[in-house]
Amino acid sequence: MAAKPPAGDPVQDAPEVAAPQHAAAGLPAIGHTLRIAQRQMGVRRTALTLLKVNQKNGFDCPGCAWPEPDKRHKAEFCENGAKAVAEEATLRRVTPEFFAAHPVADLATRSGYWLGQQGRLTHPMYLPEGAASYEPVTWERAFDIIAEELRALADPDEAVFYTSGRTSNEAAFLYQLFAREFGTNNLPDCSNMCHESSGSALTETLGVGKGSVLLDDLHKADLIIVAGQNPGTNHPRMLSALERAKAGGAKIISINPLPEAGLERFKNPQTARGLVGGGTPLTDLFLQIRLGGDQALFRALNRLILEAADTTPGAVDEEFVREHTHGFEEFAAAARAADWDETLRATGLTRAEIDQALRMVLASRRTIVCWAMGLTQHKHSVPTIREVVNFLLLRGNVGRPGAGVCPVRGHSNVQGDRTMGIFERPAPEFLDALEREFGFAPPREHGLDVVRAIRALRDGQAKVFFAMGGNFVAASPDTEVTEAAMRRARLTVHVSTKLNRSHAVTGARALILPTLGRTERDVQGGGEQFVTVEDSMGMVHASRGRLEPASPGLLSEPAIVCRLARRVLGPESRTPWEEFEKDYGTIRDRIAAVIPGFEDFNARVSRPGGFALPHAPRDSRSFPTATGKANFTAAPVEYPTAPEGRLLLQTLRSHDQYNTTIYGLDDRYRGIKNGRRVVLVHPEDARELGLADGSYADLISEWTDGSERRAPGFRVVHYPTARGCAASYYPETNVLVPLDATADTSNTPASKSVVVRLEPGDPA
């Protein structure tokens, strides 16, 4: 039996469990939102803040990247967005006195939930080598420390500059500019851990590594397929778009190992029907697929479409295929060879279910496929997404209104960061433009992504780690290896608004640099500033904070980068860092000169609602690929399997969670209350394994190299997941995923198909 948690840190392995719910939002969502917000912000601050979320004259929600409609509700936010805003706009403060009372050794024993609940950071904090506690430090001294370590490196590639998706376009552009002027492309970001597989597959097949649809396309679609995604918890405002699509006659197919309440029925809290009525049923066909079986399913659908075309004109869009695609014959041969026994084994579905899906596909003129981590975090994720593209190309569903690819991003500006150049493998054209505009020669050698950065830190090849936002330690796989790697660094630096686990896992020296949040006014030498973000559908718009900063000691992210660059690069740098800090409009002018699609940036972003970035496949059915056309592909079908007595485990979020930020200990829609260390197992699988509902088990992952990882003390919950599959929350289960268990091509951690055995255990 493990020790009790520290005082004030709640037990998380003894939840109350009830039946899962079959509808999302409604009155309970409003009540929960207001309780959380008022606890953190108070009544008046809650009203002032939430009414500015996602408004054209307000600030972009620091939660998900779902786009806003042109006509917006006064309450244009969801429950989880309100939680994110409440934790940023909280009245709670983490001061130097807090750090004096809580040495790093104490912080290391605390849960992520407890750390996040302490409030906003107020002062730059420094952990000297050998010290037990962080101590306050001036900004000038903090920048001197970073400059000392960076200048002492034998090679710029010994530094790693990580970025979280909440960083603004302006800060991201400056950050990559500084890193490259310093001399490295080591710019890993959170995309490496989530949608890198999407970008890899889409760039190869369509020529653009982003989604091709706009919000209005969902409203026009005949069929929307939601695969490997849970909008009710992860992107709740998407449910409003699905509801509107249903009102327009669209059908929805949900593909998921778990039944998800939001996709079953949506009780829109902005309508009377949602508040007091029965809400809107969303899913017309639920395909409860086995983990990792999605490639096999789309391959089978493609075979059936080809067979239908043999007798039914129009089943395949032959004109589109002929004029706009490449590789059809090889793809068609592979699709026609799809094996039915293998398909049913890989998917866990019946032939009747797949045939029903086919009828809905053939009846649709305009089809969109949406997906998230359920497709991107497998070893074979890239070929899976390529097969989704094959499926859409076959019927001409790219570059047509109401149709296309829709990878649904998480962080509010993760897509914008990549557009701004946060990428370890930058395109030569981007580097050429930087060189022309700023007069220095950027490094051309590819840098480190997240997994390779952890290896470099582990092996002593990287010595300084700088994080612009995020919670790197908790977000990364192979927790013990990641933490040991971070502790080998000479210096770790985190630009943050709140405490998280990464602040307790430090290099020999460590800094915490507190920054402004999205909710706060940003006043610089040139007056009040705004920043911009790009949503999941390529819309760029302004974000203006309204609250007074949590502390007068905070700096904005652009200011931090500019001051650091001046200190590190010195007077030899020709980049006008001081001008950039004073006036963000000057940053946007340079973005316009470097990045296509941002021409006349300042004028266009001043318009309410912003503007859409160009997307060649959507805008003109042109495809900037190696062949100049959209590429069909023909990869072998892959899917994970588990030996007898084992299960396939996926990691996922609870409803009171956004990525590694834990807002509370409930997962209301799944019936879990006051606890997080649970494993969801089908009742029949649990009985075969001798695991009673309410018993405890250790999760042990097994890998082909013979290695194992253990996560102890999870309460077994009998749950209607797909047979042979289980689910549990991250970051608690990140320990089960080895650093080398990654997706082919994209190198994304394979967190959605982990082979585990469950051994009887005790609460942890």
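Pro-731 is placed in the loop that runs between strand β32 (725-729) and strand β33 (754-760), where helices (H or I, at least four residues) and strands (E, at least two) are DSSP runs numbered from the N terminus. A cis peptide bond links Tyr-730 to Pro-731, with omega of about 10°. The model is a predicted one, in which local features need pLDDT of at least 70 and side-chain atom pairs count only at pLDDT 80 or more, while totals for chains, interfaces and linings use all residues. Residues are numbered from 1 along each chain as its sequence is written, and side-chain values use heavy atoms, with hydrogens and water left out.

Most residues other than glycine have a negative phi, and most peptide bonds are trans.

Two helix pairs are set out below, with axes taken as lines fitted to C-alpha atoms over the stretch in contact and angles running from 0 to 180 degrees between N-to-C directions.

| Helix pair | Angle | Axis separation |
|---|---|---|
| α1 (residues 27-41) and α2 (residues 43-50) | about 115° | 7 Å |
| α15 (residues 294-309) and α19 (residues 351-362) | roughly 60° | within 10 Å |

Because angles under 35 degrees count as roughly parallel, over 145 as roughly antiparallel, 65 to 115 as roughly perpendicular and the rest as oblique, α15 is oblique to α19, whereas α1 and α2 are roughly perpendicular to each other. The crossing of α1 and α2 is right-handed, that is, the near helix is turned clockwise from the far one by less than a right angle.

Contact here means heavy atoms within 4.5 Å. From α1, Thr-33, Ala-37, Gln-38 and Met-41 meet Val-43, Arg-45, Thr-46, Thr-49 and Leu-50 of α2. By class, this contact of α1 with α2 holds four nonpolar, four polar and one charged residues, with Ala, Val, Leu, Ile, Met, Phe, Trp, Tyr, Cys and Pro counted as nonpolar, Asp, Glu, Lys and Arg as charged, and the others, Gly among them, as polar.

The crossing of α15 with α19 is also right-handed. Among the residues in contact are Leu-297, Leu-301 and Ile-305 of α15, and Ile-354, Leu-358 and Val-361 of α19. The contact of α15 with α19 divides into ten nonpolar, no polar and two charged residues.
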